[in-house]
Amino acid sequence: MNEVTHNLGRGLPASVIYEGLLAQGSGQWEAAHRAALTMASEPATAHPDSAGLFYGAPAVAFALHTAGHRAYRSALGSLDKALATHVAARLSAADDRMSTGQPPRMREYDLISGLTGLGAYFLHRGSSPESLHGVLRYLVRLLQDPVSVDGHQVPGWWTSDSPTARPEDTMPAGHGNFGMAHGVAGPIALLALATRAGHTVPGQLETLAASCRLLEQWAHPEPEGGAAWPETVSLDAWLIGPTPRFYAGRPSWCYGTPGIARALQLAALACGRENSRSQAESLLAACLRDAEQLVRVTDATICHGWAGLCLVADLAASDTPADSPLRRTLPSLRAQFTTHLTQNPIPKDPGLLTGADGVLLTIHTLFPSRPVASAWGTCLLIT
């Protein structure tokens, strides 16, 4: 199978979304239908070891639902049944793993490949509350129940993988991951967005409050002011705790301050923690004003470029008062994005995270010429 046919991050499902959202406004569906037919020309996998929101049947279903044409309803009905079965199998396997007390692999729970991403699909789709609530119950347990590693208690989201998840990059004690794409920010954001949409399970609000405290605790002060989160932490670093001096990494959606700050803001809004909300917005605003951080943004993409940075900033600002410092950062940020686009070509390859479709979707979401609604950003857990 072509590697990009069913790959939302860097393939054809993102093109279906982009063309479909444009067609919703123009009524011209030819390009969207061509992309959808090509995407459907090969069977999409729902295998538990490989299918997740960004690959396989879930990616196809997310694309068809977001594109939104009535011609896709029959296919979506079949996909929903397969994905409900898929989620049930994944939840059963996770329950078996939890009963052993062993830490999870990243792909068990993360946004890109795991149950958090599948929960995001059912939140977006609205077709199977039972599947969504099963994922929410799992995430409450994941975030609240610790596991033991080398005789030390660590959070349940501590992963046995190395940060790269490559077998050759072994880390016997695993690591803690704070990012939105592969770490704890993703489950936190899903729980918060589900709460906003009226989907709650026992312990959800308490888990969100505890998650706010976690992210506030690990917001490391920077030498020049402000604060940021570590992308990943080793067992030794976790046992030492937050350090007083810290340098922020790249300000990206996937691993950096923007994605994590948005997760904290959403969690705080969901459980009514005003101080946590204020801190999230202040840290994000400080990041967006920091030239030393922004110089590390070198491409236009959503995953770790200008599109993701601007989209997170815009959606976070929309949840603040009109006079908030975060809103005041938007004109400069958009101008820098525009400058980058005028000086550099948009990526040629398709894809939502690393390709042209994500950049173009962001442009149409943020700028008024041919606007599209931001609901497609549910796959990023920022709206």
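Predicted model: local features only at pLDDT ≥ 70, side-chain atom pairs only at ≥ 80, totals over all residues.
Which residues lie nearest the centre of the second largest pocket?

Residues are numbered from 1 along each chain as its sequence is written, and side-chain values use heavy atoms, with hydrogens and water left out.

**View 1. The middle of the second largest pocket.** Look for Ala36, Ala40, Val60, Leu64 and Ala75: of the 14 lining residues, these lie nearest the centre. A pocket here is an open set of points on a 1 Å grid over the protein atoms alone, where a 1.4 Å probe fits, with protein on both sides within 12 Å along at least five of seven lines; lining residues have an atom within 4 Å of a point.

**View 2. Who lines the second largest pocket.** Two or more residues each come from α2 (30–39), α3 (57–67) and α4, and α2 gives the largest share, four residues. Helices are DSSP runs (H or I, at least four residues), numbered from the N terminus.

**View 3. The middle of the largest pocket.** Here 32 residues form the lining, and Met106, Arg107, Asp110, Ile112 and Ser113 are the ones nearest the centre.

**View 4. Helices around the largest pocket.** Both α4 (73–100) and α5 (106–109) supply at least two lining residues. The largest share belongs to α4, with four residues.
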